Amino acid sequence: MTRIAVYPGSFDPLTRGHLDIVQRAARMFDHVVVAVSNNSQKKPVFSVSERLEMIEEAVRGLPNVDVDTFAGLLVDYLRKKKARVLIRGLRVVSDMDYEFQLASFNRRLYKDLETVFLMPDDQYTYLASSMVREISRLGAGADQFVTPFVARRLKLKFGAK
Ligand code: ADP
């Protein structure tokens with residue numbers, strides 16, 4: 001049986017912390033799908049196609065990783081993909097409240113599902129897309145937090161300073 005894991009998120013934009021989790025998952029599962037959520041309730045800085053492009057560029061060297069997008073219920077998407085493993089990253093204790101609630105709900109909706117929490121390398125513990133967006137908006141370079149490709153996209157989006 002092929003072990004397929006889905007790593008869903010907003011990825012607005014992908015950070016080195018996200019990428020660290022993708023690399024860990026790729027070592028653990030046969031196939032990993034990074035799934036960009038197309039959630040109309042959130043107002044993202046980057047469009048779905050821009051986010052897909054940035055992730056595709058970043059995972060090019062990982063042959064068992066695919067990039068996709070989904071709308072609607074995550075569990076419906078997981079069933080469609082025949083995935084029984086959901087990957088989430090855990091940085092700090094404060095992530096747990098929300099993540100445990102999500103995992104519990106998802107398992108009620110899809111009983112064969114296991115949520116696997118992965119911890120990133122220490123240097124990414126305090127890294128969040130929201131911070132990257134904020135400093136970019138204020139004119140700071142985000143090179144140490146994102147891939148060079150994403151850093152260029154941030155400069156284009158917010159204007160090079
Ligand atoms: P969402 O809106 O679904 O939380 P995010 O793109 O913010 O989407 O995050 C997707 C997943 O990646 C979440 O599980 C989040 O906890 C995790 N994550 C975000 N930043 C990091 C990081 N720096 N290190 C490890 N995991 C992270």
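**Note on the predicted protein chain**

1. In the protein chain, 76% of the contacts with a separation of 6 or more join residues 24 or more positions apart; a contact means heavy atoms within 4.5 Å.

2. The model is predicted: local features need pLDDT of at least 70 and side-chain atom pairs count only at pLDDT 80 or more, while totals for chains, interfaces and linings use all residues. Residues are numbered from 1 along each chain as its sequence is written, and side-chain values use heavy atoms, with hydrogens and water left out.

3. The protein chain holds six helices and five strands, in the order β-α-β-α-β-α-β-α-β-α-α from the N terminus. Helices (H or I, at least four residues) and strands (E, at least two) are DSSP runs, numbered from the N terminus.

4. The radius of gyration of the protein chain is 15 Å, which agrees with the value near 15 Å for a compact globule of 161 residues. This radius is taken over C-alpha atoms, and the globule rule is 2.2 Å times the number of residues to the power 0.38. Along the principal axes, the C-alpha atoms fill a box of roughly 50 × 35 × 30 Å.

5. Of the 161 residues, 45% count as buried, that is, under 20% relative accessible area (1.4 Å probe, protein chains only).

6. Residue S136 lies in helix α5, which covers residues 129-137. S136 counts as buried because its relative accessibility is 6%. Leaving aside residues up to four places away in sequence, S136 touches A142, L154 and F158.

Technical notes:
Buried < 20%, exposed > 50% of the residue type's maximum accessible area, 1.4 Å probe, protein only.
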